[in-house]
Protein chains: 2
Amino acid sequence: MARIDYPESVGSLVEQLKALPGIGPRSAERIAIWLLQHPKSDPAALAGALTTAREEVTSCPTCGFFATASQCAVCDHPNREKTLCVVEQPTDVLPMERSGVFKGRYHCLGGRLSPLDNVTPDDLRLAGLVRRVDEEGLSEVILALGADVEGEATASYISDLLRGKCRISRLAQGLPVGGGLEHADALTLARAFEGRREH
Amino acid sequence: MARIDYPESVGSLVEQLKALPGIGPRSAERIAIWLLQHPKSDPAALAGALTTAREEVTSCPTCGFFATASQCAVCDHPNREKTLCVVEQPTDVLPMERSGVFKGRYHCLGGRLSPLDNVTPDDLRLAGLVRRVDEEGLSEVILALGADVEGEATASYISDLLRGKCRISRLAQGLPVGGGLEHADALTLARAFEGRREH
């Protein structure tokens, strides 16, 4: 007896959903069924949003953040401060903006140095970074990269690249706000200790 | 200073993804960015699969399983056995088919009795079930409903509805295969005890 399965179009939808990050086979099946059956679902709206976003959204040629015009909303802004925050990914911009602590512009590298994954300086938006530092009269470049080995290596590489051109800083490392000592790992504690300030 | 956010079309995509079951705000953002940026992503294919599935897939008018033709693949099959397996949802059909243990046809109720959620007998595919039992000359109706309070209530209701028309059975309750006694809750143990068989 031939095995009964979902109609082919349901199977294709499940396959597409399974490819999304963080969605396993069972979630993909649940989401597909929900999309096809739930009265509140709107698969046409999701399909439309996908198509629109794909057509409209590009990378800002200056900084690499998401843009729908010739420049992104940050680069297009007339009076951001003359500081530059270097981040790995365009998605790192939003948390910075939400914190409200930084009022300059951004530069998204598009990744970080990772010899194991064959990510070399040529793969990052570094030439553009040097050009911006040379041309934009910046008062400071803040390296807001991950606090892990690859983030540190990338930060060191960029520090060397920009040395003498501009003041360079890195985000502080230490205890997360609200986190007690008992939850901090040894390295975080060591960094928090090294970076201690007068009280 | 106006707050910078994602372009509107990215925001709409995140909103649509957030509405899917099991997808929170952070996953929705991660998936949207992945769809727009990852070289392996194919948002057009996902949009296409959504549109195709939505256009093609309907409910089988006989049993409620997914169909793309006038009947589903099970009802359309010429020689399934004369037994009927009553399940809550069309998604319950696939696990049964995969187990290979059942070779009859299905009847998907479309839910189960749940006074708290305002699901009454009128909301379930019950009239069709009675008609099939009267017309299809079935040897047995197997109630494969959830082993919880609402599943049991639904099974009792259907048993009363079909009494005298046909042989009626329910799936056994007991220890899951591979599960030791130490993992079984008291009620499952009680059911396994009640349903014990000669060895």
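## Handedness and ground rules

A crossing is called left-handed if the near helix is turned anticlockwise from the far one by less than a right angle, and right-handed if it is turned clockwise. Keep that in mind for the helix pairs below.

This is a predicted model, where local features need pLDDT of at least 70, side-chain atom pairs count only at pLDDT 80 or more, and totals for chains, interfaces and linings use all residues. Residues are numbered from 1 along each chain as its sequence is written, chains are lettered from A and ligands numbered from 1 in the order in which they are written, and side-chain values use heavy atoms, with hydrogens and water left out.

## Chain A at a glance

Chain A has 7 helices and 6 strands (DSSP runs numbered from the N terminus: H or I of at least four residues for helices, E of at least two for strands). Reading from the N terminus, the order is α-α-α-β-β-β-α-β-α-β-α-β-α.

Of its 199 residues, 41% count as buried (buried is under 20% relative accessible area, exposed is over 50%, and partly exposed is in between, with a 1.4 Å probe and protein chains only). Chain A exposes about 11200 Å², with carbon and sulfur atoms supplying 51% of that; the areas come from the Shrake-Rupley method with a 1.4 Å probe, and for residues only the protein chains shown count as cover. Take the contacts in chain A between residues at least 6 apart in sequence, and 48% of them join residues at least 24 apart; contact here means heavy atoms within 4.5 Å.

## α3 against α3

Across the two chains, helix α3 (residues 43-56) of chain A and helix α3 (residues 43-56) of chain B have axes that come within 9 Å and cross at roughly 160 degrees. Axes are lines fitted to C-alpha atoms, for helices over the stretch in contact, and angles run from 0 to 180 degrees between N-to-C directions. So α3(A) and α3(B) are roughly antiparallel to each other (under 35 degrees is roughly parallel, over 145 roughly antiparallel, 65 to 115 roughly perpendicular, and the rest oblique). Their crossing is left-handed.

From α3(A), the residues in this contact include Leu46(A), Leu50(A) and Arg54(A), and those from α3(B) include Leu46(B), Leu50(B) and Arg54(B). By class, the contact of α3(A) with α3(B) has 10 nonpolar, 2 polar and 2 charged residues (Ala, Val, Leu, Ile, Met, Phe, Trp, Tyr, Cys and Pro are nonpolar, Asp, Glu, Lys and Arg charged, and the others, Gly among them, polar).

## α1 and α2 of chain B

Within chain B, the axes of α1 (residues 8-18) and α2 (residues 25-37) come within 8 Å and cross at roughly 130 degrees. That makes α1(B) oblique to α2(B), and their crossing is right-handed. The contact of α1(B) with α2(B) has 11 nonpolar, no polar and 2 charged residues.

## Two buried side chains

Leu35(A) sits in helix α2 (residues 25-37) of chain A and is buried, at 3% relative accessible area. Beyond neighbours within four places in sequence, its contacts include Leu17(A) and Leu46(A), plus Leu20(B) and Leu50(B) from chain B.

Arg132(B), in helix α5 (residues 126-135) of chain B, is also buried, at 5% relative accessibility. Again leaving aside neighbours within four places, Arg132(B) touches, among others, Cys63(B), Cys75(B), Arg105(B) and His107(B).

## Asn118 in both chains

Asn118(A) isn't a glycine, yet has a positive phi of about 60 degrees. It lies in the loop between β4 (105-108) and α5 (126-135) of chain A and is exposed at 63% relative accessibility. Asn118(B) likewise has a positive phi of about 60 degrees, and is exposed at 64%.
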